[in-house]
Amino acid sequence: MNTLGRSGVEVSALAFGAAVIGNLYTEITEEQAHEAVTAAWQRGIRYFDTAPHYGLGLSERRLGAALSQYPRSAFTISTKVGRRLEPAEGGGDDLANGFAVPATRRRVWDFSADGVRRTLDASLERLGLDRVDVVYLHDPDDHAEQAFREGYPALEKLRSEGVVGAIGAGMNQAEMLTRFVRDTDVDVVLCAGRYTLLDQRALTELLPAAVERGTSVVVGGAFNSGLLADPKPGATYNYAAAPPELLDRALHLKSLADRHGTTLRAAALAFCAAHPAVASVLVGTRSAAEVHDCADQFETTVPAAFWQELRDTGLLPADAPVPAEEPS
């Protein structure tokens, strides 16, 4: 277990990303969602991340129900604020936002202090909990002023009141997260897709700033939404069809991994976990089988020769940390 900043909140090195059990892209059953969470528990995963955005609250409801069978003190859970859910009329589905659920609610961007508290209260109700351990400001890209002026101070107050243990921001970019690390007292930032074998932009400023400030980083999107899990024509990169040049690069990485007797999935996870600022690697899994596969890959030692070839060929920057080789 690793501690988030100076908060005392502990997380497992591998974390369960619950967006997929909110019917991300395709519908899964209640039983499949429950089995996925149970498998995560069986493999020692104790950190679970969700958000109201994921399936218009479905992810939170399913995650809370599945975790109710375990002692509350035995797991860490995070959710997010910034998108408040309101009742909606008109029918239809939410696939335009990526979730195969009925559009019974609509999202309202709200990083105000009142919005933060209302959103968190609603999340606690869906989760069936009286507290969460970590709260992130969720995707404040286009709402920076309100997020820094109102949303962050609201989280800081919740932390000082003991309502939450750790606070931070979660985004699909590194630049604004760097500002959060440098200009606020966040415990953790969740950086999705910006520190992977295909994209190391977080290495430039965010990760060094986190080390300097003692702020933890949770890395999401280790597979860049699919391309690094199974590179093939039609694979997704950052939630869209992968550009040909990135598909070629991913296929090349896979061939190198195969030649060194490992897998691209194992390498992708190991790379994210190797940086000293990273406390946990967050992976979205929609079935028990996917959970077990990710746990197996995470426990796999990737040969040092693989990392050396990536550096020698310019596929990885020389200053990107890689796992230390373990004795055979």
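Cys294 counts as buried, at 9% relative accessibility, where buried means under 20% relative accessible area, exposed over 50% and partly exposed in between, with a 1.4 Å probe and protein chains only. The model is predicted, with local features needing pLDDT of at least 70 and side-chain atom pairs counting only at pLDDT 80 or more, while totals for chains, interfaces and linings use all residues. Residues are numbered from 1 along each chain as its sequence is written, and side-chain values use heavy atoms, with hydrogens and water left out.

A disulfide is a pair of cysteine sulfur atoms within 2.5 Å, and the count by this rule is 0. Cys191 is in no disulfide, the nearest cysteine sulfur being that of Cys272, 9.4 Å away. Cys191 is also buried, with a relative accessible area of 1%. For Cys294, the closest cysteine sulfur is in Cys272 at 12 Å, which is too far for a bond.

A cavity is a set of points, on a 1 Å grid over the protein atoms alone, where a 1.4 Å probe fits but cannot get out; lining residues have an atom within 4 Å of a point. The model has 1 cavity of 30 Å³ or more. The largest cavity holds about 40 Å³ of space, a volume being the space filled by probe spheres set on the points. The residues lining the largest cavity are Leu14, Ala15, Phe16, Ile45, Val283, Thr285, Val291 and Cys294. At least two lining residues come from each of β3 (14-17) and α9 (288-298), and β3 gives the most, with 3 residues. Strands (E, at least two residues) and helices (H or I, at least four) are DSSP runs, numbered from the N terminus.

Key. On a 1 Å grid over the protein atoms alone, a cavity is a set of points where a 1.4 Å probe fits but cannot get out, and a pocket is an open set with protein on both sides within 12 Å along at least five of seven lines; lining residues have an atom within 4 Å of a point.
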